[in-house]
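Thanks for coming. Please have the viewer open while I talk; I will keep this short.

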Amino acid sequence: MVNMKSYEKNLGSSSSIEKVLAETYIENPEELKILSIEKHDFATNGVPILVTRLHRQITELERLPSVSEFMDYYADYSLEKRNSSLAKREFLRYAAFKGYLGLVRDLHFFMVLKESELFEDVILDEELDLYGKMDIIVRNQGTTMGIQLFAGGKLDIDEKLKNANRMKTIQSGFEDYYFPLYNDYVSTQRIELKSGRSIELYSHEAARHIAQVMISENPYKYSAPIDPPKYVVPDIPVHNPAGDSAEWDIRHSLLFAGELEMFKSRYDIVSLLAKGITVHLLCEEELGIEHPSLNMHVLAVIPEQVIIIDGVFETGTYNRLEHLGMTSTFNHQQYIIEHAPLNNHLIVNAGAGSGKTTTMVSRIMFLLNTDDSINPEDIVMITFTREAADNMRKKIMEALEIRFRSTKDDKYLTWLERAMEMRIMTIDAFSRYLFQSVGSIDGWGQDVKVTSYIYKREEIFREEFSRFLNGCNEKDYNHLLELKDYDLFKFLAQIYEEIEKKGHSLGKPYLQWDVSQDNLRLDTLVRTAKSVIPDTYKRMETKKLESNEATLADLKRKVGELRDNLEPGRLNHPIKYLFVDEFQDTDDAQIDLVSTIVEKLGARLFAVGDIKQSIYRFRGANSTAFRVLEDKLGKANIDTSSFALNTNYRTDGHLLDWMEDIFDSWRNGEERYLPQEVDSKGRNIGRLTPYKKKASSKTAPIHRVKHRKLNAFLEEHIESLYRDLWEGHELRERGDNRSLAILVRENWQVKEIGRVLEKMRLKEGSGESIAYELSVDGNLFASKSAKDVLILINALRLEDNPEGYFALLQTPFIAGDFDLTQLVSLEGDKEKLLEAIQQFFRAVAADWVFDAQRELRFEPAMKVLYGILMKVEIEGNLKGVEQSHEIIRYRKNLSKLLSEAHKTLGQAADDIQLLYEWLKIQVATNRNTDEADIMENLDKDIIRVMTVHKAKGLEFHTVLLPYTGLPFIKSNDQKNKVIIHDGEQSDEPKVTLKYNWPGVTEPLLTDEFESADQLEVTETVREEARLLYVAMTRAEKKLSVILPATRKKSLCWADLLERSDGR
């Protein structure tokens, strides 16, 4: 808690704070560089540490610092005794700048409340601020209330409440009041700055409002969290143990198995926990203390006593640990992995729901506590998605928060701050980071820009094809004239992308091309591709170097090619430990990248994944990634230690056993749909064992439905599942984590289910009883948000353009309904049209459009657009959007669109014309970028509809698989096809082709295509089995599968399930 008397003295008064702001606050410091910053880099992780640092600086200065002083103080402290780049320092100054006003606004209101003399006590409590998410606490006449302040409006309260409860780690026991700055209860206090602009603070009138709220009912007072607390940490006093002091040699963990009284006689649990020690206690009864660092496991039979400190034990003890794991809730697999020797390279095969995230975080805590040479920034973690990276950083910071609160040890606070700088990133972001560090060796500069080059490639294709056409013989010339340019260039691009996807370089001579001995037309096409594609590649490489640009494929492939130049001294910070999540989804180039880092930089590896969940083969992922990695490291004489996690914490025991019977038949069948996983003793380690108790009955989740009755059945069945899920309102009020997910294979199936749900939602009498959310892959630039932003930018870039203004009228950026009939009488007169629309803009307070156009003459486009998004209220103007979460997604998509533009275009995004041209192309063609994630904003009772790929890593109470009868391989597939495989005569990769030549009845095939296609079909079926495995293992309590009424002859999910012995 802050020392209140000295703190009030240092702050002076509310007017003193106002004076500091008026004289020193700058909205946009000129010296601050504009950086591309991810949300988690500052918003999620930086603010709690900013609170601590501002309090300390106020204490040191005995006054409130200016924003510039705080920016420098925060950056200096964070980078103390460490060499760091200018970019990192600027980022830290930026984080301090962004947080300063909100923190000072809270301090100002604290003083306002004190000065009002309406309260018996007004308190700033740093711990409750950090962990209870309360900015100020007020007391009056026996009532205590926490206040959560934020610079938003009433519409933001629900989201603020959800986020606060998600991040709370302690519960206060009294009511919380969520008080937005902008509200319709009281006015704000405006402070004029030297720049001529102004900022707003909470007013003295707001203090009277708080006093009234304390004694009356208010919808924004909350006496209990939405979700139950994760834990409540007791206030543990630190003192010396009364008995044996052996525990003071422990650095990370203590495992004790034996009689509880023996443990008590030797160890002081309070002292252990106060030191930050993780305690694994396996005894005949519970200890009676709850603490996040205490893991209690009750044993039916007391074993011979086992004591292990920091995971160090003799070889013979392993069998005893394994026995303890088999006879209690203790997970010996997680324990062994967490405590593996520091120098070991770990390969972990973690089954669905087996706690791999927990294991990785525990391993990182072990490394920090036992390896004196490292800090959090020495650890690099590669994840598959940004969401996974955000979640991992959050989990690490939560673990550090727990230890800081338990120990009050500053080292945990320091690590908490430095965790902001941990390189937790996607594989693409990590490739870019390495590429920028070593790319200059091959001609690229460190500020290399990432771009797609799709359109430039097509332009070069055309030029190189014309050159080839002019130089080819008459037969080839006549054959090529039979093809449409569009179809030919599309196929050439398909070949190009398939080669890149496999990680092969088009500039290398080892790539082989299959031939067609029997068909001259196809032979012509092969010769065309062999010439045009490599020549296009060479010209593109030259252009990329000239413009210092690269594609994502370049980043991954080129880093591998630069392995001889990849040295520790070339990185701005060493990589001592490398964690790779979801390793089963890496491609050959990424596998080579990981092995190169381990070999060349000496990083210690932790690679984790599940080979049964390798579902990105269509992107080039290698389903044998673990074996390939071990082979590569073995050739470099680097030993690895393999482990398995196969205790499932997610799924009900009966349901899991039912699924595993099916999976076993896939593992053991002749086709080997799933890989067999055995340990050194020949035991099946692929089958998951349930942690959760088995339900009292086992229900078959199979339903057989005729195709023509499917939609009608779905309506009834979804309603039934939904009703069963939330039977009784008491469950909702308790905040039970219940959810229904409908999982499908493709995007069009998501939309089809959406039509079924919309019909249900609009059904007479249903009202708002059905709420659903559709997650479509790669839909950002096809969304309404993207189209509306494109219209907005077009209207801003073309002043006095009635067509642009008219289109803008149809977007939610403009309120009100414009009377179109008044335009008819104007007969297309441009001046009169402009005048009518402009008058309407002013009438509905949309003259910001004209202000923005004037600002664009001297301000960067991105700044102007961000300003518009902050100022314009769009929520009430969204037509046809009725579900609240859709409004949230629309708003978040707007921000993500601008973020994508800045990341792709860099400073060029500040040119309104270049920005418009880029966005126009993205809206027309980009179907790879996902919409903004709103999962944390979704109510628990919403129905989630998504592809299995989107559901990866998620879990749901109930899962429905509706479309199992749709074929994933069509026997009469007429699509052109490219398959790259190892040639029949050598191990060199070979390009084989199938092409549907116009006027020819049968597709044309190169000589080895059929054999390559047979292998491709086998691998496709196996990937579909893995995809179905992922879909089924998302379920916690219930899985419902709809099969066609009659058995399908085509290859489909239903066929895989019908073939299993476990149905």
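Predicted model: local features only at pLDDT ≥ 70, side-chain atom pairs only at ≥ 80, totals over all residues.

Residues are numbered from 1 along each chain as its sequence is written, and side-chain values use heavy atoms, with hydrogens and water left out.

Helices (H or I, at least four residues) and strands (E, at least two) are DSSP runs, numbered from the N terminus. Two strands pair if DSSP finds at least two bridges between them. In general, strands of a sheet pair through backbone hydrogen bonds, either parallel or antiparallel.

Take the five-stranded sheet. This sheet is open, with mixed pairing and the order β1-β2-β3-β4-β7. At its edges are β1 (121–123) and β7 (221–222); each has a single partner strand, so one side of each is left without a neighbour in the sheet. Inside the order, β2 (residues 136–140) and β3 (residues 143–150) are antiparallel, paired over five bridges. One example is arginine 139, whose bridge partner in β3 is threonine 144. Helix α9 (residues 204–214) packs on this sheet and touches β2, β3, β4 (175–180) and β7. Contact here means heavy atoms within 4.5 Å. The direction of α9 makes about 150° with that of β4; axes are lines fitted to C-alpha atoms, for helices over the stretch in contact, and angles run from 0 to 180 degrees between N-to-C directions.

Next, the four-stranded sheet. It is open and mixed, in the order β10-β9-β8-β11. The edge strands, β10 (294–298) and β11 (306–309), each pair on one side only. Strands β8 (residues 253–257) and β9 (residues 278–283) run parallel, joined by five bridges. Within that pair, serine 253 has threonine 278 in β9 as its bridge partner. Helix α12 (residues 317–327) packs on the sheet against β8, β9 and β11, its direction making about 105° with that of β11.

Now glutamate 900, in helix α35 (residues 884–905). Is this glutamate buried or exposed? Glutamate 900 has a relative accessible area of 11%, so it counts as buried; the classes are buried under 20%, exposed over 50% and partly exposed in between, with a 1.4 Å probe and protein chains only. Leaving aside neighbours within four places in sequence, its contacts are Arg386, Leu780, Phe781, Trp918 and Thr929.

Last, isoleucine 921 in helix α36 (residues 912–925) is partly exposed, at 34% relative accessibility.
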